[in-house]
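Visitor: Could you walk me through this one? I'd like to see it first and then ask a few things.

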Amino acid sequence: MYALELSEFSDQRIKSNIKTISSSLDAIKLLNPVTYHNEKSNRKDSGLIAQEVEPIIPHLVSTTNTEHKGEIIPDFKSLSYTGIIPYLIGSIKELSVKVDSLEKQLEAKNECKRN
């Protein structure tokens, strides 16, 4: 399946109880990216395992019954990969703050050595 664009509703007017995600980096560090053979597409793929993500970021995982190879699989897990993007953005911001702090500490040490 191919798409030229993916757009999701994101207007503030349809959102309530808005809170900044805290500790994005902690959540991202717990995720386990893997490669695997995708039995549906019959090709090598990469991603995350929904059952591993569920205890970390449960609202990104959905559970339904689905059909695979002619059999119904109960409690089949799916994952909202686009929902991980805000955690990645938050992680970048957290790392940026840490890098800025370390750069300032390094500059201060270098300044002391010069004097």
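**Backbone, salt bridges and core**

Guide: Let's start with serine 23, which counts as partly exposed at 38% relative accessibility. The scale runs like this: buried is under 20% relative accessible area, exposed is over 50%, and partly exposed is in between (1.4 Å probe, protein chains only). Please keep in mind that this is a predicted model, where local features need pLDDT of at least 70, side-chain atom pairs count only at pLDDT 80 or more, and totals for chains, interfaces and linings use all residues. Residues are numbered from 1 along each chain as its sequence is written, and side-chain values use heavy atoms, with hydrogens and water left out.

Visitor: Okay, what is the mean pLDDT of the protein?

Guide: The mean is 94, and 100% of the residues reach 70 or more. pLDDT is the predictor's confidence in each residue, from 0 to 100.

Visitor: And which element has the lowest mean pLDDT?

Guide: That is strand E3 (residues 61-68) with 92, while helix H2 (residues 50-53) has the highest at 98. Helices (H or I, at least four residues) and strands (E, at least two) are DSSP runs, numbered from the N terminus.

Visitor: Back to serine 23: is its phi positive or negative?

Guide: Positive, near 60°, in a residue other than glycine. Most residues other than glycine have a negative phi. Asparagine 17 also has a positive phi, near 55°.

Visitor: Where does asparagine 17 lie?

Guide: Asparagine 17 is in the segment before helix H1 (24-30), and serine 23 is in the segment before H1 too. With 63% relative accessibility, asparagine 17 counts as exposed.

Visitor: New topic: how many salt bridges does the structure hold?

Guide: There are 5. The cut-off is a side-chain nitrogen of Lys or Arg within 4 Å of a carboxyl oxygen of Asp or Glu. One of them joins lysine 77 and glutamate 54 at 3.1 Å, N to O. Lysine 77 is in strand E4 (residues 71-79) and glutamate 54 in the loop between H2 and E3, so this pair ties together parts 23 residues apart in sequence.

Visitor: Is lysine 77 buried, exposed or partly exposed?

Guide: Lysine 77 is partly exposed, with a relative accessible area of 21%. Glutamate 54 counts as partly exposed as well, at 25%.

Visitor: How far apart are the closest N and O atoms of arginine 114 and glutamate 111?

Guide: They are 2.9 Å apart, and the two residues form a salt bridge. Both sit in helix H3 (residues 85-114), 3 residues apart, about one turn of the helix. Arginine 114 is exposed at 61%, whereas glutamate 111 is partly exposed at 38%.

Visitor: Now the inside. How many residues has the largest nonpolar core?

Guide: It has 12, including Ala27, Leu48, Val53 and Tyr87. H1 and H2 are the elements that give two or more residues to this core. A nonpolar core here is a set of buried Ala, Val, Leu, Ile, Met, Phe, Trp, Tyr and Cys residues joined through side-chain atoms within 4.5 Å.

Visitor: What is leucine 48 in contact with?

Guide: Leaving aside neighbours within four places in sequence, leucine 48 is in contact with Leu31, Asn32, Pro33, Val53, Leu79, Tyr81 and Ile84. Contact means heavy atoms within 4.5 Å.

Visitor: Last one: where is threonine 66?

Guide: Threonine 66 is in strand E3. Its C-alpha atom is 6.2 Å from that of phenylalanine 76, 10 residues away along the chain. Not counting residues up to four places away in sequence, threonine 66 touches Glu71, Ile72, Ile73 and Phe76.
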